[in-house]
Amino acid sequence: MAGIQARIEAVQRRVADAPRARVAVVSPEDDGTFRVAGGLDFVTRILDIAGAENAFADLRGRRNVPVGAEEIIARDPDVILTSTCCDGAYTVADAEPDAERIRANPAFAGLRAVREGRVHGFLFADRAAGVRVPHAAELVASFVHPDRR
C-alpha cells in the first residue's frame with residue numbers, strides 16, 4: 001500500500017504548480033451520441049491527482065451522463081480522453097478507435113483538444129478506485145502535462 005501512495009504523491013508533486021487543464025472523459029456511442037464522466041465519477045479524483053479538472057464535474061446526477069456534441073463543443077476541453085469499455089484485456093491501443101472517432105468528427109474540428117492533438121485513448125477500467133489509480137494518474141498526467149514526465 002505504501003508503494004501505491006508513493007506513486008500517487010510523486011504524480012502530485014510533479015504537477016503541483018502546473019496549470020490545471022480541463023479534461024473531458026468522453027465515450028462515443030454507436031448511435032452518434034456521447035456519454036461523459038460527470039463529477040460523481042472517480043475519474044474526477046484521478047484527474048485531480050494528475051493536475052487537471054473534469055470539464056463536466058458540475059454534472060452530478062450520475063457517473064456517466066449522456067450529452068450531445070453541442071455540450072462538448074460549448075465546454076471546449078483542453079484534453080479529451082476516451083472511456084473505452086469493457087473488456088479486461090483491453091489496452092490503450094484498443095482505445096485508439098474511439099479516440100479517432102472523436103478526432104474525425106467534423107463537429108469537433110474546432111475543439112482545442114482536437115486542434116492541438118490532445119485526444120487520447122483511455123480505458124474505463126482506469127477510471128475506478130483501486131490498485132490501478134497510480135497507473136491511471138501517471139497516464140493522465142503524461143497526457144495533460146507531457147513536459148513533466
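Predicted model: local features only at pLDDT ≥ 70, side-chain atom pairs only at ≥ 80, totals over all residues.
## Terms and model

A residue counts as exposed when its relative accessible area is over 50%, as buried when that area is under 20%, and as partly exposed in between.

## The contact of helix 1 with helix 6

Helix 1, covering residues 2–15, and helix 6, covering residues 133–144, have axes that come within 9 Å and cross at roughly 20 degrees. The two helices are therefore roughly parallel to each other, and the crossing in which helix 1 passes helix 6 is left-handed.

On the side of helix 1, the residues that take part are Ile4, Arg7, Ile8, Val11, Arg14 and Val15, and in helix 6 they meet Val133, Pro134, His135, Ala137, Glu138 and Ala141.

## A salt bridge between Arg148 and Asp17

Side chains of opposite charge can pair when their charged atoms come close. The model holds 14 salt bridges by the distance rule applied here, and one of them joins Arg148 to Asp17, with 2.6 Å between the closest N and O atoms. Because Arg148 belongs to the segment after helix 6 while Asp17 sits in the loop between helix 1 and strand 1 (21–28), this pair ties together parts that are 131 residues apart in sequence.

Asp17 has a relative accessible area of 62%, which is over the 50% cut-off, so Asp17 is exposed. Arg148, with a relative accessible area of 24%, is partly exposed.

Asp41 and Arg63 meet through their side chains in a salt bridge with an N to O distance of 2.9 Å. Asp41 lies in the loop between strand 2 (34–37) and helix 2 (43–49), and Arg63 in the loop between strand 3 (52–54) and strand 4 (64–67), so that the pair links distant parts of the chain, 22 residues apart. Asp41 is buried, at a relative accessible area of 2%, whereas Arg63 counts as partly exposed at 40% relative accessibility.

Asp58 forms a salt bridge with Arg75, in which the closest N and O atoms are 2.5 Å apart. Since Asp58 is in the loop between strand 3 and strand 4 and Arg75 is in helix 3 (residues 69–75), the pair ties together parts that are 17 residues apart in sequence. Here Asp58 is exposed, with a relative accessible area of 52%, while Arg75 counts as buried at 16% relative accessibility.

## A network of charged residues

Salt bridges also link Arg20, Arg45 and Asp48 in a network.

Methods. Residues numbered from 1 in each chain as written. Heavy atoms only, no water. Axes fitted to C-alpha atoms, helices over the stretch in contact; angles between N-to-C directions. Helix = DSSP H or I, 4+ residues; strand = E, 2+ residues; numbered from the N terminus. Parallel < 35°, antiparallel > 145°, perpendicular 65-115°, else oblique. Left-handed = near helix turned anticlockwise from the far one by under 90°. Contact = heavy atoms within 4.5 Å. Salt bridge = Lys/Arg side-chain N within 4 Å of Asp/Glu carboxyl O. Buried < 20%, exposed > 50% of the residue type's maximum accessible area, 1.4 Å probe, protein only.
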